[in-house]
Amino acid sequence: MSKTNGNAEKTRLTHVGKPESRKSLIKNDQPFLTDVQQLRIQARQNIEKGALTPAYQGDVKQTIDILQSVLATEIVCVLRYTMNAVVASGLSSQSVKAEFDEHAKEEAGHARAVAERINQLGGKPNFSPEGLASRSASQYTEGANLVAMIKENLIAERIACDHYQELIRFFADKDPATRVMMEGILVNEIEHANDMHDLLVAHEGTPTLSK
């Protein structure tokens, strides 16, 4: 490499390395970052709102109402799975009982996460048994026998999967924290639906859903 070319290359690298040069490469007519001084001012304002800041773009009351319904759905699932785990009987019932118990514990975890999010938004989680069934998306149906229990739980999980996918699309970027929480719950509900489907196949021999 000639000395002239070397100097030219050095000049080019020095130029690209300058902050102002990098800025010129990023063309954005609409600023997306709030000035740090403004963020500090905003953080000191309305501190009684806790985690709810001006950047939140959702409808707080609507979000709390939606999450109250999700909370009720999860509580109903806990009750249904727990009841099934207690009364399940028949051939291979012990392994099914264990599956019901595991799902009940996981649904309880979902309920706690949703309740915590309601609290973060300034709401009061509604754990009251009064009106619980009407607030829930899924139904409390015990099932007359082991296969009926599995079917009812599969139906409930499919309802939850559909409902939660809609909510994830609804929250989108307006409330990313709630959306991410719901995404995590959805992944678990899909696993539950798959578990119930596998149990149904094991007990009936023919899959009811294509896989």
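Start by selecting Lys 174 and Phe 170: the charged end of the lysine sits over the ring of Phe 170, 3.9 Å from its centre. A charge sits over a ring here if NZ of Lys or CZ of Arg is within 6 Å of the ring centre and within 35 degrees of the ring normal. Bear in mind that this is a predicted model, where local features need pLDDT of at least 70 and side-chain atom pairs count only at pLDDT 80 or more, while totals for chains, interfaces and linings use all residues. Residues are numbered from 1 along each chain as its sequence is written, and side-chain values use heavy atoms, with hydrogens and water left out.

Now jump to Arg 80 and Tyr 81. The charged end of Arg 80 sits over the Tyr 81 ring, 5.4 Å from the ring centre.

Rings of Phe, Tyr and Trp (its six-membered ring) pair if their centres lie within 6.5 Å; planes under 30 degrees apart are stacked, over 60 edge-to-face, and the rest tilted. That rule gives two aromatic pairs. Helices are DSSP runs (H or I, at least four residues), numbered from the N terminus. Tyr 81 and Phe 100 are both buried (under 20% relative accessible area; exposed is over 50%, partly exposed in between; 1.4 Å probe, protein chains only).

Back to Phe 170, this time with Phe 171: they make an edge-to-face pair, 5.4 Å centre to centre with 70° between the planes. Phe 170 is partly exposed at 29% relative accessible area, whereas Phe 171 is buried at 1%.

Next, show helix 4 and helix 7 (residues 146–171) together. Their axes come within 11 Å and cross at roughly 160° (lines fitted to C-alpha atoms over the stretch in contact, angles from 0 to 180 degrees between N-to-C directions). That makes the two helices roughly antiparallel (over 145 degrees). Residues that meet across this contact (heavy atoms within 4.5 Å) include Arg 80 and Tyr 81 in helix 4, and Phe 170 and Phe 171 in helix 7.

Last stop: Ala 172, in the loop between helix 7 and helix 8 (176–204). Its phi is near 40°, a positive value in a residue other than glycine. Ala 172 counts as partly exposed, at 30% relative accessibility.

Methods:
Angles under 35 degrees count as roughly parallel, over 145 as roughly antiparallel, 65 to 115 as roughly perpendicular and the rest as oblique.
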